[in-house]
Amino acid sequence: MSILSLKNVSYGYIDGNKKRTIINDLSYDFEVGKFYTIFGPSGSGKTTLLSLIGALEKTQEGAILFDGQSIESIGLSKYRRNHQSIVFQQFNLLPYLSALDNVINVMNITNNPIPKPYKETALKLLNQLGIVESKAVRSIQKLSGGEQQRVAIARALATNVKLILADEPTGNLDTDTEREIISIFKNLAHEYQCCVIVVSHSQEVAKESDISLRLTNGKLVEIKGENHE
Amino acid sequence: MYFVTRALEYIKKQKARSILLFVLFFIIANIAMAGLSVYRASEVAKQNIRSEIGASVIYSIDSVKIATDVKSGLIQYETDPSTLVGVPLLKNVQLLMNQDYVKSVDMIIHLEVVNEMLEQYIYIPTTTSTGQGKAVPATDSGDFSLKTYSSPIPTDFSNNNATLIEGRFANETEISGASNVIIVEKTFAENNQLKLGDNVELTEFNGTDSSLVSFSIIGIYTSNIVLDDRVARTMSPALLPQNQFFIHLDAIENIMSTPISDDLLLAGAVFELKDPTYISTFKNFAAEEINLKYGLLDANDALYNQLSGPIDSLGDLSGMMVIIVMIAGALILGLITALTVNQRKYEIGMLLAIGESKIKIISQFIVEVAVIAVIAFGLSVFTGVQAGKMISQSVSVQPTTTSISNTGTQGGRGNPSRFTQPVVSNTTVNIEDTKISVELDGLSILILLGSGLLISVVSVIIPALYVTRYNPKQILNNIG
């Protein structure tokens, strides 16, 4: 079942005197319960595409539909608040809050129903992702990169959304931690019936995904088989 | 409301920034509070001086202006002063006395009267330091002056120019019946061997009817006015305090050859206002309703200006200090906050990316600054007042008893040069302590907190709005 549809989406920018098209009349449907990876060479527009899907910026042409409704008509801020979550490569956690407070923070921002008390729900979620309570109450800056990424994923899950986006989530992590994070994403797609879209350079991530997509010349192309080069 | 929690957490975690902001707020608030306290206290001190001086306003003829205009040929020497614009005519006084803030008015008419059988007091200059003259028997005619009063106690007595030593003032029955009762001066009474209950017969100096009118003595007074030699020498003997009698206004017609009309020129009128704070309102009203070209309204302004001068300077200085500190403080705070907000672009972008509203992000920043500002301002309420006290101690009015002679003039009936005389209104004011009392003042605290918070909020909103106008991607990319 399609949760997210890209309809003739285009995006570009002016580079000197030339207009450079990054996304070119791109159309694609993403479904729930599937783990997608988008890969491609540097500068191909992967992060830009994820920014458009995450409503961090507006499309120049075409439309992005969430559950059949244009995200602009939903309202970009409201869409970001209630319908999707992004896991960033740099984690983007509030440095002056603890891991626990970072998760509780988004629970207070979203309008989605979250089981109360928030603290208990957040601790349970962090615990499921391997962050025990003694670490959860620590300042975020005292956690390792892998732990911070887990907190960022916990934050994404805490809003109870069906669309999870991730931009190079394993880019700063070692191989073992990368495998664990991939496993979490697969689990989210298959057990929690989320639509997980991950932008990554990593072959490992691409191999584990249900559908691999290559962004070439501003369009998404599905890759069959094991070759993700 | 989780933005409040975020704000409090930020204050706790970013200790260095919070302390810096606190110190800055505290210094600005202290200077502003000290200035405000001194300014407010100086206002109160000026009000106290005004209260001490009293709420009396004297309306008299401006003889200096008349003399100047006569000299320059603008008006003729022979001009009847009652025809001049703004002089204290009865109708002008009646217009002013009907205002709500006027408590009472004493209308004064000077009328020269004669009785050649009575001894007149003559002033002989002496070389003594007091300049006091002595009484001698009259050699010519017995010229005297009648001074009217319309308030229950004549102004000369209420302001201590004269003291009633025997008898009383006119009672209600005598006033309503326009009875011929009179209050005479002690020296005059002694020289003429008069006592309470005796009669004094007088006739108007320029009257057409020369028959004597009899007045019964109901009171004897002494004059407290100390005349300057120079003034006393030039005065008509009839106008010397010792040759003055007091009768009620309503009885004056009994001796006047012409009836009282609205255009009657009074020697002056003393308005007693309900509160000294009405003085400027009263003066403004008078200036609007009556063109005071040849009239004067004086509320002991010379004494007030003399006493309030240092306080005024301090008040002006402190007011200026508050304005400068507020402007400088706003600029410094604005710059610091702008820099801080600029450093927090990443946080703003991240919060926007997870769906936080712009209003709540700005609200968080405002709470952060406001919490620190309230604590700093709260503490400065006490320390600022102490600083204000230290400043005010350097400028204060010494305890003093000030005596000032009002040298305004009063006109009489007839030629201004002849009947214009100094109104020697001897006002004594005891200024025991006009030091500026710098205390906690609710209005100052409210002004400080209000303006401080306003400055803080504005200094946060402007840079925050500048950053949040971008979309999250632009903000995060710029950080990257």
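Mentor: Leaving out residues up to four places away in sequence, A:Arg81 touches A:Ile109, A:Thr110, A:Asn111, B:Ile354, B:Gly355, B:Glu356 and B:Ser357 (touching means heavy atoms within 4.5 Å). The model is predicted, so local features need pLDDT of at least 70 and side-chain atom pairs 80 or more, while totals for chains, interfaces and linings use all residues. Residues are numbered from 1 along each chain as written, chains are lettered from A in the order written, and side-chain values use heavy atoms, without hydrogens and water.

Trainee: What is the nearest side chain of opposite charge to A:Arg81, and how far away is it?

Mentor: That's B:Glu356, 5.5 Å away. A salt bridge needs a side-chain nitrogen of Lys or Arg within 4 Å of a carboxyl oxygen of Asp or Glu, so A:Arg81, though buried (under 20% relative accessible area), has no salt bridge. A:Arg81 sits in helix 3 (residues 76-82) of chain A.

Trainee: What makes B:Lys473 and A:Glu57 a salt bridge?

Mentor: Their closest N and O atoms are 2.7 Å apart, so they meet the cut-off. The count between chain B and chain A is 1 salt bridge.

Trainee: How much area do chain B and chain A bury between them?

Mentor: About 2,000 Å², 60% of it on carbon and sulfur atoms; that's accessible area lost on being put together, with a 1.4 Å probe, summed over both. B:Tyr2, B:Ile354 and B:Lys473 supply 33% of chain B's share, more than any other three residues.

Key. Helix = DSSP H or I, 4+ residues; strand = E, 2+ residues; numbered from the N terminus. Buried < 20%, exposed > 50% of the residue type's maximum accessible area, 1.4 Å probe, protein only. Lys, Arg positive; Asp, Glu negative; His and termini not counted. Buried area = accessible area lost by both parts, 1.4 Å probe.
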